[in-house]
Amino acid sequence: MRIAWLLRINRRYGGAAGGARVADFAARLGSHGCPASAGQVSRWESGTIPVPHRVITGYERALGLPAKALTGIVDAVLRQTTDRLAPSPLDRRVDPDDAATLSRAEDLLDRALDDAPDERVRLG
């Protein structure tokens, strides 16, 4: 519920879209790369359905907030509700067709293999 409240308050009072009606904000989300209906926005903001990572970053873009402004808060809230030390359960699905994601993954893999101490790791 805390995450739902955070999204609703930021839509209503924060950023470039402050005071936006649900339908108007859904259209704004769509224009910022996060297609959504008014019903979806309402369900996210009421806590009826879980909020995926792409939606939180969509809110940040649609509201003109800095990257990770809401994501950092959501991660902190989710970590507080976890009873053990663990990464945030915020779903960060990776789009395998995204060129930037693929390039970043290849760069990280190349760096890891270049630093491998054993030749078998590089060839395996």
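A residue counts as buried under 20% relative accessible area, as exposed over 50%, and as partly exposed in between. In this predicted model, arginine 8 has a relative accessible area of 31% and so falls in the partly exposed class.

As for the overall fold, the protein has seven helices and zero strands, which gives a plain α-α-α-α-α-α-α pattern along the sequence. Of the 124 residues, 28% are buried. The protein exposes about 8200 Å², with carbon and sulfur atoms supplying 55% of that area. Looking at contacts between residues at least 6 apart in sequence, 43% join residues at least 24 apart.

Turning to charged pairs, a search of the whole structure turns up three salt bridges. Two of them involve glutamate 45. Its partner in one is arginine 8, with the closest N and O atoms 4.0 Å apart. This pair ties together distant parts of the chain, since arginine 8 sits in helix α1 (residues 2-13) and glutamate 45 in helix α3 (residues 38-46), 37 residues apart. Arginine 11 also pairs with glutamate 45, here with the closest N and O atoms at 2.8 Å. Again helix α1 is linked to helix α3, this time across 34 residues. Glutamate 45 is buried because its relative accessible area is 4%, and arginine 11 is buried too.

The remaining salt bridge joins the side chains of aspartate 24 and arginine 21, at 3.3 Å from N to O. Arginine 21 counts as exposed at 54% relative accessibility, while aspartate 24, at 41%, is partly exposed. Shared partners bring Arg8, Arg11 and Glu45 into one salt-bridge network.

Key. Residues numbered from 1 in each chain as written. Predicted model: local features only at pLDDT ≥ 70, side-chain atom pairs only at ≥ 80, totals over all residues. Heavy atoms only, no water. Helix = DSSP H or I, 4+ residues; strand = E, 2+ residues; numbered from the N terminus. Buried < 20%, exposed > 50% of the residue type's maximum accessible area, 1.4 Å probe, protein only. Contact = heavy atoms within 4.5 Å. Areas by Shrake-Rupley, 256 points an atom, 1.4 Å probe, with all protein chains shown as cover.
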